[in-house]
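Me: I am new to this structure. Please pick one part and take me through it closely, along with what it touches.

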Amino acid sequence: MAVAITAIGALPFTALANSPEPLALVLRQLGEPFAAQLIALAAVIALPSVILVMMYGQSRIFFVMARDGLLPRGLATVSKRTGSPTLITLLTGLSIAAVAGFFRLDEIAELANAGTLIAFISVG
């Protein structure tokens, strides 16, 4: 919240809303181009790692749903060699790859943000 308040204090919210990289924009406007580059680099590194973690978690959620009968039980098979749910992990990975192939990066980020928000609302 402090970062958001500070960013809105530095620039008008309309400038932030229309920017694909609002925090880097704030730093550039404040005369800190090196810090802006670091923030942009961190965003490029963070987004794929967050998506990978979400994909791993989603495959486990689908596994538990299949084990509980909410999805076809055949999806809950576990590899005897590794002990992991290989089929559901493969299907989840293929669906994520399809999304990555057909959607723009900003749309994927919006989907990830919306999904996280819905998860927090559902749990809270």
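This is a predicted model: local features need pLDDT of at least 70, side-chain atom pairs count only at pLDDT 80 or more; totals for chains, interfaces and linings use all residues.

Reply: Helices here are DSSP runs (H or I, at least four residues) and strands are E runs of at least two, numbered from the N terminus. Residues are numbered from 1 along each chain as its sequence is written.

The part to look at is helix α4, residues 33-67. Helix α3 covers residues 22-29. After α3 comes G31, with a positive phi near 80°. Three residues of α3 are buried: A24, L25 and V26. (Buried is under 20% relative accessible area, exposed over 50%, partly exposed in between, with a 1.4 Å probe and protein chains only.) These buried residues pack against α4, and also against α1 (2-10) and α2 (13-17).

Now the pairing of α3 with α4. Their axes come within 7 Å and cross at roughly 170°. (Axes are lines fitted to C-alpha atoms, for helices over the stretch in contact; angles run from 0 to 180 degrees between N-to-C directions.) That makes α3 roughly antiparallel to α4. (Under 35 degrees is roughly parallel, over 145 roughly antiparallel, 65 to 115 roughly perpendicular, the rest oblique.) From α3, the contact uses L23, A24, L27 and R28; from α4, it uses A35, A36 and I39. (Contact means heavy atoms within 4.5 Å.) By class, this contact has 6 nonpolar residues, no polar ones and 1 charged. (Ala, Val, Leu, Ile, Met, Phe, Trp, Tyr, Cys and Pro are nonpolar; Asp, Glu, Lys and Arg are charged; the others, Gly among them, are polar.)

Further along α4, the partner is α6, residues 105-123. Here the axes come within 11 Å and cross at roughly 50°. So α4 is oblique to α6. On the α4 side, L47, I51 and M54 take part. They meet L105, I108, A109, A112 and T116 of α6. This contact counts 7 nonpolar residues, 1 polar and no charged.

G57 lies in α4. G57 is partly exposed, at 27% relative accessibility. G57 and T89 are 32 residues apart in sequence, yet 9.7 Å apart in space, C-alpha to C-alpha. S59 is also placed in α4. S59 is buried, because its relative accessible area is 1%. Beyond its neighbours within four places in sequence, S59 touches I88, T89 and T92.

Note on methods: Side-chain values use heavy atoms; hydrogens and water are left out.
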